[in-house]
Amino acid sequence: MEKDLKQLEDELNVKLYITEEGCELLNNVQLKITRERVAIRDEKEILIPGCNIYFVKNKTIDAFVTKLDDEYYIFVNSGVIEEQKKYLEKLNWSFISNETQRTEWINDIIEYGFYFIVFHEYAHIFCGHVDACLDDPTDKKAQECEADMFAMEYLVKYIMNTQSEQEYILEMEKMFLAIYFQFENMQRERWQEWYNDKILENYYDPEKEAKRNHPLSAQRMLYLYEMLNIVVVTDKIELLPIKEKILEKIKVLKRIEGKEIPNRELEYGVAKESVQKLKESVKEIRKKIPRLSDVSE
Ligand SMILES: [Zn+2]
């Protein structure tokens, strides 16, 4: 049975944050999860778990998932909406002159970012991470990587199922910008990512790696960016030009358009290799944790 809210706050030591805008977002995301559950039930005759989702008052861009008396709970920090909005508003939106359209863009991006974070947490339930309780840092990083990919895969599928083909590119752009700027904003708060002259060590130094239980934001942006090779099949097979468009937008948004961007081939190579390793570890984690279903295989 669902706990009453006061009890929940006491037992988990959280302060729930209830607003009208928040309730609407929570309803929307619950509807999406329900649709997935119904689809999987109909297709595979498996009942995957649902979850309770709440906002908590906390400025950090983060969320967490937990299990209490056989029920799963996802808590999303209010910062994911409110702080992220402030962050996005400071970017250079000069490619949209109309104020209403600009607000719409920002709101869409916030919404995608919220869905991404919820589906990331939901992946920890769905993929069995919450129940497995592994605590080796390599396993934990692999779980994070798997959850990120699950969430983005879901959003790509969602866009392709709900939008017309003409809208795919635009919606994918918004979706990825949402994830990108969420990680960028998150990055500012995490001391592990305060880059200095030893930036490269973050990727390969075993001691530094062992201390982390999350992939670096830069790694997360990279492996998710790689997933944007989206192909549509009409009368021909076509790779959508999403990656190029996103890079163009990011340059404008960050005011680095036309500026010389240093060529960091060596750094990029090291980062890419580290991402490859992370992806390999996801395969390992899939063997280790019993799956609720085989849909993520
Ligand atoms: Zn996570």
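In this predicted model, the loop between helix H1 (5–12) and H2 contains Asn13. Asn13 is not a glycine, yet its phi is positive, at about 55°. Most residues other than glycine have a negative phi. Asn13 counts as exposed because it has 6 C-beta neighbours inside 10 Å, and the cut-off for exposed residues is 12 or fewer.

Helix H2 covers residues 20–44. After H2 comes Glu45, with a positive phi near 55°.

Strand S1 also belongs to an open sheet of three strands, in which the order is S1-S3-S2 and the pairing is mixed. S1 and strand S2 (63–68) stand at the edges; each has a single partner strand, so one side of each is left without a neighbour in the sheet. From one strand to the next, the twist averages 25°.

The two pairings in this sheet can be described in turn. S1 pairs with strand S3 (residues 71–77) in the parallel sense, over five bridges. Within this pairing, Ile53 has Ile74 of S3 as its bridge partner, and Val56 stands opposite Asn77 in S3. S2 and S3, by contrast, run antiparallel and are joined by six bridges. Here the bridge partner of Phe64 in S3 is Phe75, while Ala63 stands opposite Val76 in S3. The hairpin of S2 and S3 has two residues between the strands, and in this hairpin Asp69 takes a positive phi near 45°. S3 is mostly covered, with six of its seven residues buried. In a regular strand the side chains alternate between the two faces of the sheet.

In soluble globular proteins, nonpolar side chains tend to be buried together. The largest nonpolar core of the model has 59 residues, and those that touch the most other members are Ile74, Phe116 and Val118. Helix H4 gives the most to this core, contributing 13 residues. Ile74, the bridge partner of Ile53, makes contacts beyond its neighbours within four places in sequence: these are with Cys51, Ile53, Ala63, Val65, Val118, Glu121 and Tyr122.

Helix H4 also contains Ile125. Ile125 counts as buried because it has 23 C-beta neighbours inside 10 Å, against a cut-off of 20 or more. When residues up to four places away in sequence are not counted, Ile125 touches Pro49, Cys51, Val65, Tyr72 and Val130. Cys51 and Val65 are also among the contacts of Ile74. Between the C-alpha atoms of Ile125 and Lys254, which are 129 residues apart along the chain, the separation is 35 Å.

A further non-glycine residue with a positive phi is Arg255, where the value is near 60°. Arg255 is placed in the loop between helix H11 (242–253) and helix H12 (265–288). With 11 other C-beta atoms within 10 Å, Arg255 is exposed.

Helix H12 packs with helix H6 (residues 137–162). Two packed helices are described by the angle between their axes and the distance between the axes. For H6 and H12 the angle is about 95° and the axes are 8 Å apart. The angle makes H6 roughly perpendicular to H12, since angles of 65 to 115 degrees count as such. On the H6 side, the residues that meet H12 are Thr138, Asp139, Lys141, Ala142, Gln143, Cys145 and Glu146. Their counterparts in H12 are Leu278, Lys279, Ser281, Val282, Glu284 and Ile285.

Key: Residues are numbered from 1 along each chain as its sequence is written. This is a predicted model: local features need pLDDT of at least 70, side-chain atom pairs count only at pLDDT 80 or more; totals for chains, interfaces and linings use all residues. Helices (H or I, at least four residues) and strands (E, at least two) are DSSP runs, numbered from the N terminus. The expected span of a helix is 1.5 Å times one less than its number of residues. Two strands pair if DSSP finds at least two bridges between them. Axes are lines fitted to C-alpha atoms, for helices over the stretch in contact, and angles run from 0 to 180 degrees between N-to-C directions. A nonpolar core is a set of buried Ala, Val, Leu, Ile, Met, Phe, Trp, Tyr and Cys residues joined through C-beta atoms within 7 Å. Two residues are in contact if their C-beta atoms, placed from the backbone, lie within 7 Å. Angles under 35 degrees count as roughly parallel, over 145 as roughly antiparallel, 65 to 115 as roughly perpendicular and the rest as oblique.
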